[in-house]
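Here is a friendly walk through one protein model. Keep the sequence and the 3D view open as you read, and look up each residue as it comes along.

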Amino acid sequence: MIILSIRTDKPEAELGLFDNSKKIADTTWPAHRELANTIHNKINSILSDNQKSLSDVDGFVVYEGPGSFTGLRIGLTVANTFADALSIPIVGSTESTWQQDGIKRLANGENDTVAMPKYGSPPKTTSPKH
């Protein structure tokens with residue numbers, strides 16, 4: 001099972017590529033305000049550098065937070081969209097062992113269907129004006 005892990009809760013974004021529980025590759029980059037512009041290229045790079053494509057990915061493991069509102073929103077949207085489009089499972093975690101926990105969950109046949117961000121506190125939004 002080829003698994004792609006994604007963590008985007010802080011200025012440095014992380015991707016991991018696993019064959020079952022064996023890490024094949026990982027990359028970390030200073031994404032900060034450029035995450036939306038860099039994440040797709042980084043995903044393509046980690047896959048192609050390891051002779052893989054998106055069609056080879058069997059599941060996604062994502063870090064759900066807490067963390068940056070925008071970073072989590074972008075990373076989870078990318079992962080959820082790919083998982084849905086490819087009809088493959090996605091699981092999320094908030095633990096320090098998020099990758100290992102997610103890999104075990106995928107191996108057990110679990111699927112969150114949609115990974116939801118956990119920001120650590122309620123979002124600060126403005127009430128609608130009437």
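Asparagine 50 sits in the loop between H1 and S4. Helices (H or I, at least four residues) and strands (E, at least two) are DSSP runs, numbered from the N terminus. Leaving aside neighbours within four places in sequence, asparagine 50 is in contact (heavy atoms within 4.5 Å) with Leu17, Ile24 and Ala25. Between asparagine 50 and leucine 17 there are 8.8 Å from C-alpha to C-alpha, although they are 33 residues apart in sequence.

This is a predicted model, in which local features need pLDDT of at least 70 and side-chain atom pairs count only at pLDDT 80 or more, while totals for chains, interfaces and linings use all residues. Residues are numbered from 1 along each chain as its sequence is written, and side-chain values use heavy atoms, with hydrogens and water left out.

Glutamate 14 belongs to strand S2. Which residues does glutamate 14 touch, not counting residues up to four places away in sequence? They are Ser5, Ile6, Arg7, Thr27, Thr28, Trp29 and Trp98.

Now look at the loop between strand S2 (12-19) and strand S3 (22-30), where you will find asparagine 20. Asparagine 20 is not a glycine, yet it has a positive phi of about 55°.

## How H1 meets H2

The axes of H1 and H2 come within 10 Å and cross at roughly 40°. Axes here are lines fitted to C-alpha atoms, for helices over the stretch in contact, and angles run from 0 to 180 degrees between N-to-C directions. That angle makes H1 oblique to H2; angles under 35 degrees count as roughly parallel, over 145 as roughly antiparallel, 65 to 115 as roughly perpendicular and the rest as oblique.

On the H1 side, the contact is made by Leu35, Ala36, Ile39, His40 and Ile43, and on the H2 side by Gly71, Ile74, Gly75, Val78 and Phe82. By class, this contact has seven nonpolar, three polar and no charged residues. Here Ala, Val, Leu, Ile, Met, Phe, Trp, Tyr, Cys and Pro count as nonpolar, Asp, Glu, Lys and Arg as charged, and the others, Gly among them, as polar.

Not counting residues up to four places away in sequence, threonine 38 touches Trp29 and Ala31. The C-alpha atoms of threonine 38 and arginine 105 are separated by 28 Å, and the two are 67 residues apart along the chain.

Proline 66 is in the loop between strand S4 (59-63) and H2. Is the peptide bond from glycine 65 to proline 66 cis or trans? This bond is cis, with omega near 5°.
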